[in-house]
Amino acid sequence: MANLSTKIAATSLSSQAAENRYRLMVESIRDYAIFMLDTRGVVVSWNRGAERMTGYRADEMIGQHIECFYSLRDRDENLPRRELDIARNEGRHECENWRLRKDGQPYWAHAVTEPVHDENGALTGFVKVVRALPERKEADKTLRRSQEQFRLLVQSVTDYAIFMLDKDGHVSSWNYGAERIKGYRPEEIIGKHFSSFYTQADRDAGEPQKNLARAAIHGRVETEGWRVRKDGTRFWAHVIVDRILDDNGELIGFAKITRDVTEQREAAQELDRAREALFQSQKTEAIGKLTGGVAHDFNNLLMVIQSCLDMMELKLPQDSPLRRLAQNAQSAVQRGAALTQRMLAFARKQELRVAPVDIVSLVANMTELLRRSLGPQVNIRTMFPAALNAVKTDANQLELALMNLSVNARDAMDEGGNLTIAARNVTINATHSTRLAPGDYVCLSVTDEGEGMDEETLAKATEPFFTTKGVGKGTGLGLSMVHGLTEQSGGRLVIKSSKGFGTRVEMWLPSVAPQTAHDTGDTTVVLVSTKPTHAARSLRVVIVDDDPLVRTTSGAVLQDMGHRVTEVASAEEALQILESSQDVDVLITDHAMPGMTGAQLVSEVNIRWPTLPVVLATGYAEIQEDLSDGATRLSKPYDRLGLTEAIAKAVEDRRVHA
């Protein structure tokens, strides 16, 4: 027990010694005022630093409230009490503000207030540490130095125009960036109204005043628009205007930051145009696939009708009144076939006979037909250079395209006018607006003096079935066909038009040198049809088509012609027939079929049965020539005569090459 009492006494003495050392340390600090307050804010301790900083001795301050260090304004606002409340509730309060010495002189102080609690957690008071910051004079020097550094910083910025306006909008400062972007030297613009940077249209609309008014009300305005340099040139500007208030909240002016974003805007617009072009391309591709599929199915239906009408005409007496009805139906089938060809042209699935075409000769040969078709109110003019390259395309389809464009031009000129057909050689690079592959092209154009098209109409002009003509006056496939022809030929269709200023349609087609075209003989493709010798004997024919209507109707026609017919629905079935039979004389196959296509079947037959005559029937152009070698091509929809001639030609070709 005695030892325990001795230890307790020693611990107490040690604690008192530590407290004494701590008290002496705090009291000896001269650069900081460190003192204690009770819970009401009354001073209960005072060190030498506090005496040196405030001028009050300990016997003068202990027992006094802390508010004697605060200005009258701060006391009226109850600042001392609020600082203690924050320290009590948040565990600490830190601030910088003015304090008063004993002699009434103010000094700028940094103060930290923290609460003090006993071992039970009850608040017993506050400890306050205050440091006098450098004199205000030194602070002012620092502020001026900072302001000068900021001024130099702003002045040296060259990519942004940063300047001040007074509250009426007159320029009061000017940096190097403003001089570089706008072209004015400081002495030329300071004192002038900032509206001189706006276009005349914006000044007439009151935009400068509106922007200042919005900034004054809302504190900030951010806009983009055209601005004008000293030399009168324009640039696209991104502008921010911030209001400037004094300490009393009064408006004293505006800070204005302007950046030249012309290049960024042009880049963004180019990106938007590229996205729009991609969207249009994808839309056109989707419509093309749909149109091609519809045309293919429609072709098959037309062929069934055609074959049935052929058989009806053969069986009708010459004097039958039904013969005329059958002939009218035949005419309707032919019109339907022409319509499907236009649909396939738009879908880029028509069969093209591509060869060098002399545009000058082609236009010259069809000029008289154009005059008769367009009427006397339309004056046809041609403009060609002395040496115009030939183009690689289908001559017959190009004639049809020019006729379609010319008829559209005539319809656009209600009172007649000039129609100009022109062409020029052009060598383009990768950045050309047509986005074609670099190379040599011919730009063939048809220009009218009609009413032109607005932007909405122009955007839809090449869409299938879109027309501005009245009901029954157009299919809406003319421009679609021209678009498909140019794309399928490796070119591009470009339409330029504006409301009230006519339309120019340009067909950009790949060109070949003039001598290349002349080497082929005639520059215009002339199709000469030589009627082959018909087969005199009955043949065993295998016909392949996945469409049962086409298959059975074609089979009936062949049987009516005296042939023995085997009908199958797929290429795989056809191969099984050929493997099991030795007496097949002719194979007739469709191209577009599920699984193995007709072209693939032709290739297989050429390898395994090279002497077997083959007819490949299709309305598509996507069959590669090497895949259809060894087969006679037959275009859908075909009639009885076309089928007869195709069989005879296939048999004759195999006999010649045997």
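Q: Which residues are exposed on the other side of helix 10?
A: The structure is a predicted model, in which local features need pLDDT of at least 70, side-chain atom pairs count only at pLDDT 80 or more, and totals for chains, interfaces and linings use all residues. Residues are numbered from 1 along each chain as its sequence is written, and side-chain values use heavy atoms, with hydrogens and water left out. Helices (H or I, at least four residues) and strands (E, at least two) are DSSP runs numbered from the N terminus; buried means under 20% relative accessible area, exposed over 50% and partly exposed in between, for a 1.4 Å probe and protein chains only. On the other side of helix 10, the exposed residues are Ile217 and His218.

Q: How many Å should the 12 residues of helix 10 span, and how far apart are its end C-alpha atoms?
A: The expected span of a helix is 1.5 Å times one less than its number of residues. For the 12 residues of helix 10 (residues 207-218), this gives 16 Å, which agrees with an end-to-end C-alpha separation of 16 Å.

Q: Within what arc do the buried residues of helix 10 fall?
A: The buried residues of helix 10 are Pro208, Asn211, Leu212 and Ala215. The arc is that of the directions from the helix axis to the C-beta atoms. Seen down the axis, these buried residues line one face of helix 10, because they fall within an arc of 95°.

Q: Against which elements do the buried residues of helix 10 pack?
A: Contact means heavy atoms within 4.5 Å. The buried residues of helix 10 pack against strand 5 (161-166), helix 9 (200-204), strand 6 (220-228), strand 7 (234-245) and strand 8 (251-260).

Q: Which residue of strand 17 is the bridge partner of Arg540?
A: Strand 16 (residues 540-544) and strand 17 run parallel and are joined by 5 bridges. The bridge partner of Arg540 in strand 17 is Arg564.

Q: Which residue of strand 15 is the bridge partner of Ala390?
A: Strand 11 (residues 390-393) is joined to strand 9 (residues 355-357) by 3 bridges, the two running antiparallel. A further 2 bridges join strand 11 to strand 15 (residues 503-512), also antiparallel. The bridge partner of Ala390 in strand 15 is Val512.

Q: Of what kind is the aromatic pair Phe35 and Phe69?
A: Rings of Phe, Tyr and Trp (its six-membered ring) pair if their centres lie within 6.5 Å; planes under 30 degrees apart count as stacked, over 60 as edge-to-face and the rest as tilted. A search of the whole structure finds 11 aromatic pairs. Phe35 lies in strand 1 (residues 33-37) and Phe69 in the loop between helix 3 (58-61) and helix 4 (72-76), 34 residues apart. Their ring centres are 6.1 Å apart and their planes stand at 65°, so the pair is edge-to-face.

Q: Which residues do ring pairs link into a cluster?
A: Phe35 and Phe69 are both buried. Ring pairs link these two and two further residues into a cluster, which is made up of Phe35, Trp46, Tyr56 and Phe69.

Q: What percentage of the 658 residues in the chain is buried?
A: The chain contains 22 helices and 20 strands. Of its 658 residues, the buried share is 41%.

Terms used: Two strands pair if DSSP finds at least two bridges between them.
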